[in-house]
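Me: I am new to this structure and would like to understand the words used for it. Could we take the terms one by one and set each value against its definition?

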Amino acid sequence: MTDAGSQEDARERTGAPAEQGGRLSRRRMLGFSGASLLVGAAAGAGLDRVASAAEEKPAAGGSIPFRGPHQAGIATPVQDRLHFASFDVTTGDRAKLVGMLKEWTAAAAAMTAGRAIGQGAVGGLAVAPPDDTGEAEGLPPSRLTLTIGFGPTLFEKDGKDRFGLKARRPAALVDLPHFPGDNLDPARSGGDIAVQACADDPQVAVHAIRNLARIGFGVVAVRWSQLGFGKTSSTTPDAQTPRNLFGFKDGTENIAGTDRALLDRHVWAAAGDGSGWMAGGSYMVARRIRMHIETWDRTSLREQEDIFGRSKGEGAPAGAAKERDTIVLARMKPDAHVRLAHPDSNGGSRILRRGYSFTDGSDGLGRLEAGLFFIAFQRDPRTGFIRIQQSLAGDAMNEYIQHVGSGIYACPPGVKEGTYWGQGLFEG
Ligand SMILES: C=CC1=C(C)c2cc3[nH]c(cc4nc(cc5[nH]c(cc1n2)c(C)c5CCC(=O)O)C(CCC(=O)O)=C4C)c(C)c3C=C
Ligand SMILES: [Fe+2]
């Protein structure tokens, strides 16, 4: 850790805010003085209150605490941009993998606080590559969160227990079954380790993934990645519900990041669930879903609304006037998306959705290569995503979408002071 790193550790211990409303840039963070930290420590309780208020609703450029009981980026209010990356581990050396996870943890703590990695982009030796690539210099933390997850192949790949982790694989980390209509590209699926980077500034998210990949050189290689914009789900019900690329409000009936009871019941894995090292963690399912925009755009408004079971303008459930009015499933068509995805149609199953829209240019036939990068967190994918996706086999929307990429990852609990990402898996 650099001096700046020690200061950051001290900040996290004292609860001193990394910045106030995003006014401190990375450059200014490096100049954050030890004296001000002492003042912060003396102020103790008052600053703790500031920190927890900031945690609930930080300003757009602000920072989200990296350490805590749960990883940030799950219950955290959804940021504007996504850079998701899935990595293959290219070494068979467990010690190297653990060493990299330690380096990643230090780098993630720095970047989420708005600091540069190590000696920064220009602070090191002139004859060596800089510790940080530099494109986030001068930018605020932008509510960057980095969330790590471990894929099934980290535990066993092609019958090989490469890292002695096979017996540690959680029962809930199942291989996703084939669903009707799936057209999955192996080059956009799977991976041993995934990192979800979310931030309000795409440059900050891209910088984070780029630097983790750089640090991991020789240990991991990027298998596939996805950029996303225009969050399609909100975890803050008071905020305006965002719209997806079909033009509908998306995320109305999501689990709120502040709803402790629902999070404990449906999102956070518990000690009694079978894998003690996952307690406080969650399971992430990522699906790249292509949306056939051009076909959709030739569909009548009534048909579009029937497909979702909600109105396009207000987002009201069928037969109701306002977005938050009570849902009556019987008023929707039997194959309406909301009717089939609703907990009442799935034995009470609920997931926390955190997806983003994507457009990757056009597909060579003049059609927009666009869709939803669907991300869902849940306590158990067998009763979460899998259950709901099986129900969606009869979804009227299937004519307009296709699942083309897929991944499932066990996201360990949050990082405590002095520990590294996934330590419980390797040392528990
Ligand atoms: C397996 C889970 C789900 C997939 C895959 C999925 C794809 C998908 N969804 C939309 C648009 C909307 N979804 C909405 C609601 C909704 N969707 C799911 C699950 C999956 N969606 C759930 C659990 C719910 C909530 C159901 C409820 O309890 O009422 C809505 C309505 C607004 C809302 O509540 O969010 C929209 C719109 C798209 C476009 C899509 C794939 C491209
Ligand atoms: Fe949906």
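Reply: Asp158 lies in the loop between α6 (152–155) and β3 (193–199), where helices (H or I, at least four residues) and strands (E, at least two) are DSSP runs numbered from the N terminus. This is a predicted model, in which local features need pLDDT of at least 70 and side-chain atom pairs count only at pLDDT 80 or more, while totals for chains, interfaces and linings use all residues. Residues are numbered from 1 along each chain as its sequence is written, and chains are lettered from A and ligands numbered from 1 in the order in which they are written.

Me: Why is Ser142 called buried?

Reply: Ser142 has 27 C-beta neighbours inside 10 Å and therefore counts as buried. Ser142 is found in the loop between α5 and β2 (145–150), and its phi is near 55°, a positive value in a residue other than glycine. Asp158, too, is not a glycine and has a positive phi, of about 50°.

Me: What makes Phe426 partly exposed?

Reply: Phe426 counts as partly exposed because it has 18 C-beta neighbours inside 10 Å.

Me: What makes β3 a partner of strand β1 and of β2?

Reply: Two strands pair if DSSP finds at least two bridges between them. Strand β1 (residues 81–89) and β3 have seven bridges and pair in the antiparallel sense, with Leu82 standing opposite Cys198 in β3. Six bridges join β2 to β3, and these strands also run antiparallel; here the bridge partner of Phe150 is Ile193 in β3.

Me: How do you know that strand β5 is mostly covered, and which strands does β5 pair with?

Reply: Strand β5 (residues 282–291) has nine of its 10 residues buried. It is joined by 10 bridges to strand β9 (residues 401–411), in an antiparallel arrangement, and Val285 stands opposite Ile408 in β9. β5 also pairs with strand β8 (residues 368–378) over eight bridges, again in the antiparallel sense, and the bridge partner of Arg287 in β8 is Phe374.

Me: What makes a set of residues a nonpolar core, and which residues touch the most other members of the largest one?

Reply: A nonpolar core is a set of buried Ala, Val, Leu, Ile, Met, Phe, Trp, Tyr and Cys residues joined through C-beta atoms within 7 Å. The largest such core has 90 residues, of which Ala197, Ala205, Ala208, Tyr283, Met284 and Phe373 touch the most other members. Helix α5 (residues 94–112) supplies the largest share of this core, nine residues. Leaving aside residues up to four places away in sequence, Ala208 touches Met111, Leu144, Leu146 and Ala197, where contact requires C-beta atoms, placed from the backbone, within 7 Å.

Me: Which residues are closest to ligand 1, and what makes a residue part of its surroundings?

Reply: A residue is near a molecule if its C-beta atom, placed from the backbone, lies within 6 Å of it. There are 28 residues around ligand 1, and the closest are Phe248, Thr252, Glu253, Ala341 and Leu372. At least two residues of this shell come from each of β5, α11 (337–341), β8 and α12 (385–391).

Key
A residue is buried if 20 or more other C-beta atoms lie within 10 Å of its own, exposed if 12 or fewer, and partly exposed in between; C-beta atoms are placed from the backbone. Two residues are in contact if their C-beta atoms, placed from the backbone, lie within 7 Å.
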